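Look over the structure first, then read on.

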Amino acid sequence: MNELPGDLLYTNDHEWLRREGDGSVTVGITEHAATSLGDLVYVELPEVGQDVDAGGEMAVVESVKAASDVYAPIAGSIAAVNDDLADDPEKINADPYGDGWIVRMTLSDGLDESELMTPDAYQELLDELDD
Amino acid sequence: MSELIFEKSRGGRRAFAQAPVEARSLSIPEQFLRDDQPRLPEASELQTVRHYTRLSQKNFSIDTQFYPLGSCTMKYNPRACNALALLPEFAGRHPLGPVSHGQGFLTCMYELQEMLKDVTGMKGVSLTPMAGAQGELAGVAMIKAYHDARGDTERDEIIVPDAAHGTNPATATMCGCTVKEIPTGSDGDVDMDALKAVLGPKTAGIMLTNPSTLGVFERHIKLIAEMVHDAGGLLYYDGANLNAILGKVRPGDMDFDVIHMNLHKTFSTPHGGGGPGSGAVGVNQRLLPFMPIPVVTKREKDGETFFDWAAEDDIPQSIGRLSGFMGNSGVLLRAYVYMRMLGRDGMQRVAEFATLNANYLMVKLRDAGFELAFPERRASHEFIVTLKHEAKDYSLTAMDVAKALLDKNYHAPTTYFPLLVPECLLIEPTETESKETLDNFVAAMIEIVRAAKEDGVQYKEAPYKMPVRRLDDVKAARELNLRYKPE
């Protein structure tokens, strides 16, 4: 497993967030999540403009092993989705923090970073799972 | 790959056993007659026998190999059950024949209902669902019907533990309910705090498998039942793992309101190929009015007792008719014969030996160095080994071990289920295996891991000796292509 990108925030559900300059955030699943699921074969994306609650289901990633919901880490609305994933879901496996991004969201309220995990805290969670 | 039977076909070739008989003149209206001949293979009798015999030889089966496929209960199905279910008086019975001509069959069905009530502790049984999934659907539909009949129409949440079979959330959704998933504690039992947090005025019920898919008995079941009932919800028992508790513990005594039983699985029908099944449902007192129909009932007329179908008139609040006649009657007859052969004591021995075999195999594997997912728990009829360290240190995944086992002539255990245990094998030996078989399986497991650790053997292409090698399941999922197109 590669080192976690230091500029991202993480969730218990193995998702990551990148703060974009314009106040929006980009969301994807972590390398750990992608590796655990195995090769992805299908991604179901939300509609642009859709509102999502914090913790609500907003996308589905499916591998040959399992289908798994992707939850909105914070409340907001979907500003953009990564349409490339429809044809190339494996981008999530190949580049989970880059080309494998899933949605971009504009936030209803500000970003409360205390609700999310720092790279160090997320690394600790991964280490625990490893034992 | 071998030829399809269609590729062997030559125009005009006939199998004697399948030679056409002179068509009886049936007055079928012109518009329903087909214009051209159906595309059927034309092969000789010997070609056909060889073709299907070869196909069967390529298959893994309980008749030929140990089949520890967790959650599936691949046990031996006594030949007697099949032979008796095939008696011409059963097999040749016309479902629309008069009830007076079917008293033998109806007697068997009535007694089967009674025996299932007894072994599960429920008050009523309907045999009509034709598969486990249909039994589940019937179960949750009855829960909904019960709340609706009381005017309690806001209850639309079904609680499902994260270890549940995928059919549970699917069933709840099909019944128009919202699924509330709750996590499992590290000891394999339901997280009680999480349960408490989701219970409320919208709770319709909870779906539980006990023993759970983690292969452990839910120890807080009485408390869970109390909490769910106090919140106004009902309890649904997924009978997938009934084999572990048969005749020992009864879902009715655990305060479940409705259960389904996979008769094809626990009670002697070869299964696993999507063939005919039976998802009979059992209910307690409060769900009796909602049972799916038909049900076999006992009636009296002129001082004579006879058996008859109970349908819409008898059960007006029924959730409805789930099969035209009596479910899959062949499966039901096999279940009946199996239960009669075992008797009450035999039924308990099924559970005892299923559990003994699982615990023996679990301890042998643990002692050989395999990591158990729930080491502090006793197994029910199945248990979970996790290969997360082997996967990390030697790149030996659960899938690699599963495929390597095929080359050693064992069917693979269930892989990657339940999802909450990484790199897992779910192993269910069943009661019908000998100690020698279990010992040989342990030896095969040890050898697979030893070769990977010491000799650096990689099983990425395994199986090597099977008629079909490792499939590219990712490509198959991404580029699904199932249809045979003739030239």
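How many helices and strands does the secondary structure of chain B come to? There are 15 helices and 13 strands. Helices (H or I, at least four residues) and strands (E, at least two) are DSSP runs, numbered from the N terminus. This is a predicted model: local features need pLDDT of at least 70, side-chain atom pairs count only at pLDDT 80 or more, and totals for chains, interfaces and linings use all residues. Residues are numbered from 1 along each chain as its sequence is written, while chains are lettered from A and ligands numbered from 1 in the order in which they are written.

**Overall build**
- Chain B has a radius of gyration of 25 Å, close to the 23 Å from the globule rule for 487 residues, so it is as compact as a globular protein of that length. The radius is taken over C-alpha atoms, and the rule is 2.2 Å times the number of residues to the power 0.38.
- Along the principal axes, the C-alpha atoms of chain B fill a box of roughly 80 × 70 × 45 Å.

**The sheet**
- Four strands of chain B form an open sheet with antiparallel pairing, in the order β10-β11-β13-β12. Two strands pair if DSSP finds at least two bridges between them.
- The edge strands of chain B are β10 (371-372) and β12 (414-415), each pairing on one side only.
- Strands β11 (residues 383-386) and β13 (residues 424-427) of chain B run antiparallel, joined by four bridges.
- Thr386(B) stands opposite Cys424(B) in β13(B).
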